[in-house]
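Welcome, and take a moment to look over the model below. The briefing that follows walks through it topic by topic.

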Amino acid sequence: MTYIGAEVIVSPLGETAEENWLALSDDQSGITLVEDVGYNQENIYLSKILSLSGQNRFHQLVVKALSEIQQQIDPQVFGSKKTLVILSSTKGALYSNVTDQFESCVSAIVQQFGLANQPVVISNACISGVLAINTAGNFIREKIYDNVIVVGCDIISDFVLYGFQCLFAISNQPCVPFDTTRNGITLGEGCGAVVVSASKEIFHKQPLQLLTGTSANDANHISGPSRTGEGLFRSVTKTLQMNKVDKGEIDFVSAHGTATVYNDEMEAIAFDRAELSHIPLNSFKGYFGHTLGAAGVIETAASMQMIRNATLLKSKGFAKPGTSKLINVIEKNEVKSLQTILKTASGFGGGNASLMIRNL
Amino acid sequence: MDTLKEDLKKQIIEQLNLEEITPADIADDVLLFNDSGLGLDSIDALELIVLLEKYHGIQVTNPDEGKEAFKSIDTMAEYIRKRKS
Amino acid sequence: MSFITAYCHLTKDTCYVDGEIISKRDIDSEDAWFKQIYKEQEFVYPKFYKMDMLSQAGFLASELIKRAKPGIVTNYGDDEIALIFANKSASAATDQRFINSYEKNGSPSPSLFVYTLPNIVLGEIAILNKWYGENMFAVLPNFVPDFFLNYTQILLSGSSKAALCGWLEILGNEIDAFLFLVEKEASNALQFNHENLMKVAGQKESPIS
């Protein structure tokens, strides 16, 4: 069995998964209006960690998350030859040095945490986080490593903001995934971390089970979502088949839900095709914004908190269905025991990925 | 010769890095986004918005507005003249 | 067991397929180096001109591997070929061009921004071939054979039957592109192991004269 636990979330809502959960269940969002930050000095809604300052914000967040992980697992794990660290990120520390987006940070954490193996950076756009956790699960299953620490981190920068602005993809309100009035993403920053392991004993607190999933390309467009949801449909279908899980067993779907018109429409079509449209679903983007390479890890960690707290968390910002295929977007928090959940992600480059987590 | 239209052709080739295409290859009424025309895509449409601001000082805040305006060189020229008058 | 059945190297002045030179850069040409190969090899895919250097290199090398090994197109289902790529500098060259667009050229360029992710090349290859398989782009300090060996074996033990792998590092004037095809079944081919991968990876160092 592959275990997943020791989840950490560092976001504007808190520095541990528990702090974040308290804020989420209290309907708080990290999104605020930040003045004069746009390319033409517009005010833009962002989920920005205002307390984090200095030049090396990316590095600081990664260290915060790893230090928190250290408190939650057997301290021997970090230095073990059978432990790998995977860092999931799209742009790393690009804002400080375009030709050293990851390397310096990676070297520093190897030193600071006494890591035995060279970490692997996965940079696969917005599916990076889910892909990184799946990669961890694969490494454990094939017995290449015993433990994999997955850290997903991305920082809001002028680079990324101006980029999405010139694509006309930034929402003029806090993003409202799947809603009829959605008109774009709200960028977020943060760091998520989980530990994937072949051993239950390394965790101080009860871990959950990881059902490792798959990725699939849309083969359609490098920056436009597929109109048929083909890649997401294939990824989800294969993830269920591979783990011999029937779709009736899924209690909750943590969707990608960026709140762009086309992405959310694509997801609704894919879930409809996969016959999952009746299953309670949310997007965490209304709470954390879109944290890009961190999103898959942060949202998996938040979904794990939902399992632990037996709660279906509402999809913040959603009021009126805005997709051609109806899906079951959660409108208010509800106490419910969750046994098996599905997490999906889709991104630029046509990538789609999915995984499942099961309560033990 | 309509200089605005000729300028537009040069600007489009420059802005979109269209290789192996000269202004003479672009007819005034050819459909820019049709595969039998120039075969431009949605990202090119956004570059045309950049072009309008850069060369003509016209700001397009709603990309849907661009869709109509960017059908052909003729419609682009018409749109620019209307916005400027 | 699996096998390396074809490979392609691209450097700043030479292009090799299966260790043999197929193209040399003409320094007097007006065309950029990748465009020279594109024209010389008579490729017809106008989208090529819109791609950034990483995607152009991925396009050229993967198409040359397909020519060397045409079976790749017919022997596999549309989701059976995994794409496993890595490099050192992610999309830094295009990232810098995008920064220039808003710092020096007056406006952030959407067509540059969409290439500021290293995995876009995987999307381009998937789109061209209509491949719906697994994708992975990793950033590593150097070419790590074990990463490719481990991850390819993992995916080949699942539903993938072949993997197109690539080290694709392009920054400044340096070009170090190495794509190789790994298949589960092959005859008269190199076994996919550490030693053979290193041998094939280094083949361009001692070009056949």
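Asp146(C) is partly exposed, with a relative accessible area of 39%; partly exposed covers the range between buried (under 20% relative accessible area) and exposed (over 50%), using a 1.4 Å probe and protein chains only. This is a predicted model, in which local features need pLDDT of at least 70 and side-chain atom pairs count only at pLDDT 80 or more, while totals for chains, interfaces and linings use all residues. Residues are numbered from 1 along each chain as its sequence is written, chains are lettered from A and ligands numbered from 1 in the order in which they are written, and side-chain values use heavy atoms, leaving out hydrogens and water.

**Asp146(C) in its chain**
- You will find Asp146(C) in helix α7 (residues 145-156) of chain C; helices (H or I, at least four residues) and strands (E, at least two) are DSSP runs, numbered from the N terminus.
- From Asp146(C) to Leu60(C) is 86 residues in sequence and 25 Å in space, C-alpha to C-alpha.

**Chain C as a whole**
- Chain C holds 8 helices and 8 strands.
- Its radius of gyration is 17 Å, which agrees with the value near 17 Å for a compact globule of 209 residues; the radius is taken over C-alpha atoms, and the globule rule is 2.2 Å times the number of residues to the power 0.38.
- The C-alpha trace of chain C spans about 55 × 40 × 35 Å along its principal axes.
- Buried residues come to 61% of the 209 in chain C.
- For chain C, 64% of the contacts between residues at least 6 apart in sequence join residues at least 24 apart; a contact means heavy atoms within 4.5 Å.

**Chain B as a whole**
- Chain B has 4 helices and 0 strands, giving the pattern α-α-α-α along the sequence.
- With 85 residues, chain B has a radius of gyration of 12 Å, in agreement with the value near 12 Å for a compact globule.
- The box filled by the C-alpha atoms of chain B is roughly 30 × 30 × 20 Å along the principal axes.
- In chain B, 44% of the 85 residues are buried.

**Lys91(A), a buried lysine**
- Lys91(A) sits in the loop between β4 (83-88) and α3 (103-113) of chain A.
- Is Lys91(A) buried or exposed? Lys91(A) counts as buried because its relative accessibility is 5%.
- The side chains of Lys91(A) and Ser91(C) are joined by a polar contact of 3.3 Å; a polar contact is a pair of N or O atoms within 3.5 Å, where within protein one must be able to donate a hydrogen and the other to accept it, and residues adjacent in sequence count only if both atoms are side-chain atoms.
- Leaving aside neighbours within four places in sequence, the residues in contact with Lys91(A) include Phe159(A), Val160(A), Asp95(C) and Thr116(C).

**Helix α5 of chain A**
- Helix α5 (residues 158-166) of chain A is largely enclosed by the rest of the structure, because 8 of its 9 residues are buried.
- Among those buried residues are Phe159(A), Val160(A), Tyr162(A) and Cys166(A).
- The cover over the buried residues of α5(A) includes β3 (44-47) and β7 (187-188) of chain A, α2 (42-56) of chain B, and α4 (92-103) and α5 (110-113) of chain C.
- Just after α5(A), Phe168(A) adopts a positive phi of about 55°.
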